[in-house]
Structures are given as C-alpha cells and as structure tokens.
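Please report on the pockets of the model shown here, with attention to the residues and helices that line them.

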Amino acid sequence: MNQGFDWDAAGDVLPLLLEGFRVTLLATVLGTLVAAVLGLAIAVAARAPSRWVTAPVKAVMEFVRATPLLVQLVGAAALFTSVEPLTLGIVVLGIHYATYTSEVYRAGIDGVPKGQWEACRALSLPPRRTWQAVILPQAIRNVLPALGNYAISMFKETPFLAVIMVQEMVFEARKYGADHFAYTEAFTLAGLVFLVASYPTSLLMRKLEKRLGH
C-alpha cells in the first residue's frame, strides 16, 4: 500500500471517477423520476375506496421497506439475468424510493385544505379533474423539498449498484485501488466528488423549503 497521498495516482484516477460519476448521476436522475412518478401513483392508489386495491399496494410497500436495498438489488439481479445492470439498478432504486416518496405525497395530499375538496364536489368536478387541476398541484408544490431530499439520499446510495456490476463512481474507485494499490487516493477523491455534488444541492433544498414555507 502507498504511504501518504500520491498526487500522481490521484491525477490518474480522477478521469475514471468522473466517468463513473456520469453513471452515478444518470442512475440518480432516472431513479428519481421513477420514484417520483411511481410514488405518486402509489399514494393515489392507497386512497382508493376498494380494499382489493389498497391491500396489495400496502403489502408491497411494507415488503419493500422491510428489506434492505442491497438485498433487493442482489435478488433482482438473480431473477432478471437478461436485464442490463444499469437499467435494473435504476428500476430497483426507483421502486425502493417510491415507497418513501408515496408517504411524502400522502402527507402533501392530506395537507390540502378540506375546503378545496368540498369546492370541487360543489362544482361537480369529476374525480380526474379534481386531482389534476386542484389537489395535485397544491400537494406537489408543498412536498418538492422532501422529494429533493430523497433524491440526494438516492445519490448517496448509488454505490450499492456496484454489487450488480454497475460501473458507477465507487466501483471505479475500488477497481483502481485494487489494480494500483491506491485505495486512499481513489476513495478520497470519490468522497470529495460526492460532497461537492450533494452539499450544494442540500443547501438548495433548504432554501426551497424556506421559500415554499412562506
């Protein structure tokens, strides 16, 4: 193992980490989109009047929440061997976080004043129009900061994708470290890239939360 910090090794590994960061960012963006859309669908389905709809939805949600993301990734990779690892990882990330974003949406929907629902009924608006034009615009606006925080959490959990051979940033750091005995440089730079990418985003989410809170 190298003693101290080898700047030459750091310069060599940085391009590889940036290429891995591209994969990390792609997985985060697409996984967040899956989680946002699917989470909203789950939140709406959970309010259905029929238990034939709500019971299976809640059962799946509890199962996903009760099992670690790492186990879900490995299990999905074993079941769907023909699916490209990055695609599989994005879907698993999206489903995993959808169970949490659904609760965020639920809170946003519950936060819409009852008078809005009563006004829609008084105007005889159909359910679809009520959701699209009145309820969801208000609910989504209120939960945007929380959704952003989950996107940041997903970004920081993308290293789990390495277990299914997705060549994201930490995968590249580990591979370079193993090949060149330069784990310190590789993982230090990977950590710095995560910090530089996530910290400003978290500050932005705080500003957005304060702004929407007024």
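Helix H2 (51-66), helix H3 (69-79) and helix H4 (85-110) each contribute at least two residues to the lining of the largest pocket. Among these helices, H3 gives the most, with five residues. The model is a predicted one, in which local features need pLDDT of at least 70, side-chain atom pairs count only at pLDDT 80 or more, and totals for chains, interfaces and linings use all residues. Residues are numbered from 1 along each chain as its sequence is written, and side-chain values use heavy atoms, without hydrogens and water.

The lining of the largest pocket consists of Phe63, Val64, Thr67, Val71, Gln72, Gly75, Ala76, Leu79, Phe80, Val91, Val92 and Ile95. A pocket is an open set of points on a 1 Å grid over the protein atoms alone, where a 1.4 Å probe fits, with protein on both sides within 12 Å along at least five of seven lines; lining residues have an atom within 4 Å of a point.

The second largest pocket is lined in part by helix H1 (7-45), helix H6 (127-157) and helix H8 (183-213), each with at least two residues. H1 provides the largest share, five residues. Phe21, Leu25, Phe155 and Thr201 are among the lining residues of this second largest pocket.

| Pocket | Volume | Lining composition |
|---|---|---|
| Largest | about 230 Å³ | nine nonpolar, three polar, no charged |

Volume is the space filled by probe spheres set on the points, which are joined across faces, edges and corners. Helices are DSSP runs (H or I, at least four residues), numbered from the N terminus.

Technical notes:
Nonpolar A, V, L, I, M, F, W, Y, C, P; charged D, E, K, R; others polar.
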